[in-house]
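Here is a short walk through the model, starting with the ligand and moving on to the sheets and a few backbone details. Keep the viewer open while you read.

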Amino acid sequence: MDVLRIRGGQPLKGTIRASGAKNACLPIFAATLLTEETCVIENVPDLSDVRFMARILEAMGAEVERPEPNTWKITAKEVATRAPYDLVRKMRASVCLLGPLVGRMKSAEVSLPGGCVIGQRPIDLHLKGLSKLHCDVDVRNGYVFVDAKAAHGGHVFLGGRHGSTVTGTANIVMAAVLTPGITRIDSAACEPEVVDLCKMLISMGAKIDGVGSHALTIEGVEALRGTTYRVINDRIEAGTYLLAAAMMESDVRVEGAEAEHMSALLDKLEEAGLDYTIEAVDAIRVRGQRCNLKPVDVITLPHPGYATDLQAQMSTLMSVTPGLSIITERIYPNRFMHVPELQRMGADIAIEGPSAIVKGRKQPLSGAPVMASDLRASAALVIAGLAAEGETWVQRIYHLDRGYEKMEEKFKGLGAEIDRIDDADMPRDDETMA
Ligand code: EPZ
């Protein structure tokens with residue numbers, strides 16, 4: 001198994017580019033099931049989650065090709081209506097297959113996704129939405145069975161205890177585009193990734209109004225055509241790089257960073273006093289120094305609020321920003337798996353309910369062997385290692401590979417000392433660590 005060895009403290013200088021957005025790609029891949037014609041998807045990041053979704057589509061009968069590393073060609077002439085447990089359980093996002101199967105095949109059998117370390121991850125709102133489209137929805141033996149032969153447009157409120165649902169909105173939109181009648185979704189998610197999916201569906205001939213708002217209106221059509229579609233850049237990856245550059249001496253231009261997708265993060269970085277410039281519609285330059293920011297309080301909310309996927313990375317930045325900051329997680333209240341690992345590096349963080357109370361300090365974090373637990377926690381540990389004194393070993397980085405394309409190579413390009421090595425070569429406790 002791979003680990004990342006990081007020798008911290010190197011200044012970061014140069015240009016780093018975010019890849020295509022994982023959380024746009026996954027529903028967009030699922031949406032290729034909505035037509036028997038060929039879809040060409042461009043700017044696809046080379047991630048294990050993307051390759052896995054492609055594998056699921058293939059298992060369901062789609063023809064999947066990869067003419068270039070970041071371009072995929074998918075033709076779903078014949079599609080099975082069952083998404084198997086042994087595949088779905090490995091990746092929650094495969095719940096996005098529900099919508100296209102309901103829309104195209106009027107029938108679906110999709111395994112209930114498991115939970116994960118960041119929370120239970122229920123899909124009650126997805127099922128509520130399908131019921132409002134007058135589908136017959138039944139949950140038994142760990143599967144969701146949907147009969148949509150009598151489905152027609154309806155009105156659904158998709159807000160839950162934690163606000164709107166991103167993949168829930170994706171599912172209902174993908175079901176509704178081929179369901180006769182008018183469907184209205186209130187409290188729809190309006191994350192850029194949902195907007196991207198809607199734009200791809202419209203390029204296939206779907207009729208969707210209100211894209212980018214919390215109120216979507218969809219008029220079902222008979223069939224959708226194939227398309228060639230370029231996925232947006234990953235705002236979470238780009239935000240991760242901005243937060244890394246903010247932690248240390250740096251002069252970094254982040255490309256693929258679309259300011260209009262990151263206004264909550266940029267607002268917080270401005271409040272903290274970070275020196276950054278928006279150099280182009282998709283490029284932001286950061287000039288960072290160690291410990292020269294002010295602490296900020298952050299509450300994660302549905303878009304356009306501060307993204308939960310950037311919460312762990314902000315916790316890392318605040319742990320080396322002198323003063324007190326309170327980081328409250330409103331989307332996944334126990335999304336703090338990164339905290340015990342940051343504490344091993346010397347961070348002073350206390351968890352009080354849904355909040356992390358961070359006592360930032362001037363003293364740099366100290367390098368240590370740490371354990372990744374989920375995708376964004378891994379990213380938080382990597383950037384902590386870049387700013388720490390000494391050597392950090394981030395283990396189980398298969399979590400990182402789910403959502404960041406070649407992160408260590410990208411940081412190496414900025415002058416970081418970071419290498420991917422086999423964990424067999426990791427010093428054991430009884431050996432000194434340089
Ligand atoms: C998407 O997950 C993203 N994943 C997540 O990114 C992201 O953290 C999340 O949206 C929130 O922005 C993908 O897009 C593949 P939700 P999703 O449904 O759609 C509750 C990453 O690191 N809820 O918007 O599963 C839910 O428990 C991943 O890239 C219900 O209660 O999230 C959560 O508290 C992690 N009932 C909140 O709503 C439901 O039916 C938001 O969940 C659905 C959700």
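Which helices each supply at least two residues of the shell around the ligand? They are helix H1 (22–31), helix H5 (124–132), helix H6 (166–176) and helix H12 (375–387). Bear in mind that this is a predicted model.

## Around the ligand

Let's start with the head count: 23 residues surround the ligand, and the closest are Leu-125, Thr-165, Thr-167, Asp-309 and Ile-331. Sorted by type, the shell has nine nonpolar, seven polar and seven charged residues. H5 gives the largest share, with three residues.

The shell draws at least three residues from domain 1 (2–19 + 233–425), and at least three from domain 2 (22–230).

## Polar contacts and cover

Thr-165 has a side-chain N or O atom 2.6 Å from an oxygen atom of the ligand. For Thr-167, a side-chain N or O atom is likewise 2.6 Å from a ligand oxygen. Asp-124 puts a polar side-chain atom 2.8 Å from a nitrogen atom of the ligand.

How much of the ligand's accessible area does the protein cover? On its own the ligand has 820 Å² of accessible area, and the protein covers 91% of that.

If you want a spot to look at, find Ile-41, whose bridge partner in S5 is Trp-72.

## The sheet with S1 and S23

A second open sheet to look at also has four strands, ordered S22-S23-S1-S24, with mixed pairing. Strand S22 (369–371) and strand S24 (417–422) are the edge strands, and each pairs on one side only. Ignoring direction, neighbouring strands in this sheet are turned by 25° against each other on average.

Strand S1 (residues 2–7) runs antiparallel to strand S23 (residues 391–395), and four bridges join the two.

## A hairpin

Strand S8 (residues 136–140) and strand S9 (residues 143–147) pair in the antiparallel sense, with five bridges between them. Val-137 has Val-146 in S9 as its bridge partner.

How many residues lie between S8 and S9 in the hairpin they form? There are two, and Asn-141 in the turn has a positive phi of about 50°.

The peptide bond joining His-303 and Pro-304 is cis, with omega at about 10°. To find Pro-304, go to the loop between strand S18 (298–300) and helix H10 (311–319).

Lys-106 is a residue other than glycine with a positive phi, near 60°. Where in the chain is Lys-106 found? Look in the loop between helix H4 (98–105) and strand S7 (107–111).

How values were computed:
Residues are numbered from 1 along each chain as its sequence is written. This is a predicted model: local features need pLDDT of at least 70, side-chain atom pairs count only at pLDDT 80 or more; totals for chains, interfaces and linings use all residues. Side-chain values use heavy atoms; hydrogens and water are left out. A residue is near a molecule or strand if one of its heavy atoms lies within 4 Å of it. A polar contact is a pair of N or O atoms within 3.5 Å; within protein, one must be able to donate a hydrogen and the other to accept it, and residues adjacent in sequence count only if both atoms are side-chain atoms. Accessible areas come from the Shrake-Rupley method with a 1.4 Å probe; for residues, only the protein chains shown count as cover. Ala, Val, Leu, Ile, Met, Phe, Trp, Tyr, Cys and Pro count as nonpolar, Asp, Glu, Lys and Arg as charged, and the others, Gly among them, as polar. Domain bounds come from an automatic or database domain assignment. Two strands pair if DSSP finds at least two bridges between them. Axes are lines fitted to C-alpha atoms, for helices over the stretch in contact, and angles run from 0 to 180 degrees between N-to-C directions.
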